[in-house]
Amino acid sequence: MEKLAFYSNQLERAFLTLDKEEAEKILTEALRSGSPVEIAGELVSVTLHRIGEAWEEGKLALSQVYMSGMICEELIDKILPPQSPDRKSQPKMAIAVFEDYHMLGKRIIFSTLRSSGYDLLDLGGGLHTDKLIEIVHKEKIKILLLSVLMLPSALHVKELKQKLNGTDVKIVVGGAPFRFDENLWKEVGADAFGKDPAQAIQIVSQIMEELK
């Protein structure tokens, strides 16, 4: 644990100074004491989560968090490539920003889930109900994570859920409106609400077990 904490502090510093080469060295060193899945979940994911929390507290710039996620994703693809048997890719999962283009929250969740060994599609932002339904059916998505910034968008999740009625698609929501009113996710018919990356991992893990 002490060694992981040491590596995590070093990795956080490398991410925030955008030193990809140093970050890769730290990961290479850490891999000597653990498997790719363990290092991804217990080191990279935890470090990225801490960076996200620091941004929420106003301690970091948006650009630092965004670029940390970019570097993280590139390194994760090296230690846990998409074709790796260690990746958790079933049932199929995707993440999107619903009716908006504010990508930071989505990027943090996406990067954290991937660093925890999950494989998921990044659908981008600005997606509305009918387009999302089209993608869900085409890609056979079973778990759909939605990041929402504004209350009207959050309320439209109810329409999305109703139009997906009869399918086994699970909708997990997150974002400011759901944090402000922690009962809102139930009112719009979502299957779960995660307020941070750690909760997102727990929720996804639980749903994947239920859908097996």
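The legends below describe close-up views of a predicted model.

**View 1**
Five strands form an open sheet in the order E2-E1-E3-E4-E5, and the pairing is parallel. Strand E2 (121-122) and strand E5 (192-193) are the edge strands, each pairing on one side only. Helix H5 packs on this sheet, where H5 touches E1, E2 and E3. The direction of H5 makes about 160 degrees with that of E1.

**View 1. Strand E3 and its two partners.**
Strand E3 covers residues 143-148. On one side, E3 pairs with strand E1 (residues 93-97) in the parallel sense, over five bridges. Ala 94 stands opposite Leu 144 of E3. E3 is also joined to strand E4 (residues 170-175) by six bridges, and these two strands run parallel as well. Leu 144 stands opposite Ile 171 in E4, and the bridge partner of Ser 147 in E4 is Gly 174.

Are the residues of E3 mostly covered or mostly open? The strand is mostly covered, with six of its six residues buried. Ile 143, Leu 145 and Ser 147 point one way from E3. Leu 144, Leu 146 and Val 148 point the other way, and the residues of both groups are buried.

**View 2. Helix H4 against helix H5.**
Helix H4 (residues 62-79) packs with helix H5 (residues 104-115) at an angle of about 25 degrees, and their axes are 9 Å apart. Angles under 35 degrees count as roughly parallel, so H4 is roughly parallel to H5. The crossing of the two helices is left-handed.

**View 3. Residues where H4 meets H5.**
From H4, the residues in contact include Leu 62, Val 65, Tyr 66, Met 70 and Ile 76. Among those they meet in H5 are Leu 104, Ile 108, Phe 110 and Arg 114. Which classes of residue make up the contact of H4 with H5? By class, it has nine nonpolar, three polar and four charged residues.

**View 4. Thr 129 in helix H6.**
Thr 129 lies in helix H6, which spans residues 129-139. Its relative accessibility is 5%, so Thr 129 counts as buried. Apart from neighbours within four places in sequence, Thr 129 is in contact with Phe 98, His 156, Glu 159, Leu 160 and Lys 163.

**View 5. Ser 8 in helix H1.**
Helix H1 (residues 2-16) contains Ser 8. Ser 8 has a relative accessible area of 4% and is therefore buried. Not counting residues up to four places away in sequence, Ser 8 touches Leu 43, Thr 47 and Arg 50. Gly 166 is 158 residues from Ser 8 in sequence, and the two are 44 Å apart in space, C-alpha to C-alpha.

**View 6. Two loop residues with positive phi.**
Most residues other than glycine have a negative phi. Leu 18 has a positive phi, near 60 degrees. Leu 18 is in the loop between H1 and helix H2 (20-30), and at 44% relative accessibility it counts as partly exposed. Glu 99 also has a positive phi, near 60 degrees. Where is Glu 99 placed? Glu 99 is in the loop between E1 and H5. Is Glu 99 buried or exposed? At 18% relative accessibility, Glu 99 counts as buried, because the cut-off for buried is under 20%.

How values were computed. Residues are numbered from 1 along each chain as its sequence is written. This is a predicted model: local features need pLDDT of at least 70, side-chain atom pairs count only at pLDDT 80 or more; totals for chains, interfaces and linings use all residues. Side-chain values use heavy atoms; hydrogens and water are left out. Helices (H or I, at least four residues) and strands (E, at least two) are DSSP runs, numbered from the N terminus. Buried means under 20% relative accessible area, exposed over 50%, partly exposed in between (1.4 Å probe, protein chains only). Contact means heavy atoms within 4.5 Å. Axes are lines fitted to C-alpha atoms, for helices over the stretch in contact, and angles run from 0 to 180 degrees between N-to-C directions. Angles under 35 degrees count as roughly parallel, over 145 as roughly antiparallel, 65 to 115 as roughly perpendicular and the rest as oblique. A crossing is left-handed if the near helix is turned anticlockwise from the far one by less than a right angle, and right-handed if clockwise. Ala, Val, Leu, Ile, Met, Phe, Trp, Tyr, Cys and Pro count as nonpolar, Asp, Glu, Lys and Arg as charged, and the others, Gly among them, as polar. Two strands pair if DSSP finds at least two bridges between them.
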